[in-house]
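Colleague: I'm new to this one. Can you walk me through it?

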Amino acid sequence: CTGNGICKCRVCECFPNFTGSACDCSLDTTPCMASNGQICNGRGTCECGTCNCTDPKFQGPTCEMCQTCLGVCAEHKDCVQCRAFDKGEKKETCSQECMHFNMTRVESRDKLPQPVQPNPLSHCKEKDVDDCWFYFTYSVNSNGEAIVHVVE
């Protein structure tokens, strides 16, 4: 019974939190918890302590990796551009579409936050409407709030 139960009459009687004919299936969902607090990132089911991703685009131990998805940088580029520099594709709709993050301006790239766990941080370098580079970071804090730092 893989150490997770007692064998009685050639049948495993599993301890709590285990199931299966050999008690080898854990009912603990902790290994399936994604960084957003959802089981399998809301894109799969937790089976025996392992995510079975039901959305084919998503992979990895908690269904959080997506090779074909738009990156965090590209996804937030237009909103950062309109909030920080008052230009870009969302300039006219900025106040309706782009207020979902807290924004802090910094003087230079070396003043941007550096990657420190537990909050994953994306360093972004994007082109603006005038074909100039601008730099920002995007992270989500432990309260689920999006935080952007952008170089003036």
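Modeller: Here is a short tour, from the whole chain down to one residue. This is a predicted model, where local features need pLDDT of at least 70, side-chain atom pairs count only at pLDDT 80 or more, and totals for chains, interfaces and linings use all residues. Residues are numbered from 1 along each chain as its sequence is written, and side-chain values use heavy atoms, with hydrogens and water left out.

Colleague: What domains does the assignment give?

Modeller: Domain 1 covers 5-66 and domain 2 covers 70-151. The bounds come from an automatic or database domain assignment. The centres of domain 1 and domain 2, taken over C-alpha atoms, are separated by 35 Å.

Colleague: What does the C-alpha trace span?

Modeller: About 75 × 30 × 25 Å along the principal axes. The radius of gyration of the protein chain is 22 Å, while a compact globule of 152 residues would have one near 15 Å. That radius is taken over C-alpha atoms, and the globule rule is 2.2 Å times the number of residues to the power 0.38.

Colleague: How many helices and strands?

Modeller: Two helices and 10 strands. Both are DSSP runs, numbered from the N terminus: helices are H or I with at least four residues, strands are E with at least two. The pattern along the sequence is β-β-β-β-β-β-α-α-β-β-β-β.

Colleague: Which order do the strands take in the open sheet of four?

Modeller: β7-β10-β9-β8, with mixed pairing. Two strands pair if DSSP finds at least two bridges between them.

Colleague: Which strands stand at the edges?

Modeller: β7 (101-106) and β8 (121-127). Each has a single partner strand, so one side of each lacks a neighbour in the sheet. From one strand to the next, the twist averages 25 degrees.

Colleague: And how many bridges join β9 to β10?

Modeller: Five, between β9 (residues 133-140) and β10 (residues 146-151), which run antiparallel. Thr137 stands opposite His149 in β10.

Colleague: What packs on the sheet?

Modeller: Helix α1 (residues 72-85), touching β7, β8, β9 and β10. Contact means heavy atoms within 4.5 Å.

Colleague: New topic. Where is Asp55?

Modeller: In the loop between β6 (50-53) and α1. The C-alpha atoms of Asp55 and Gly42 are separated by 9.3 Å, and the two are 13 residues apart along the chain.

Colleague: Is Asp55 buried, exposed or partly exposed?

Modeller: Partly exposed, because its relative accessibility is 24%. Buried means under 20% relative accessible area, exposed over 50%, partly exposed in between (1.4 Å probe, protein chains only). Buried residues make up 31% of the 152 in the protein chain.

Key
Axes fitted to C-alpha atoms, helices over the stretch in contact; angles between N-to-C directions.
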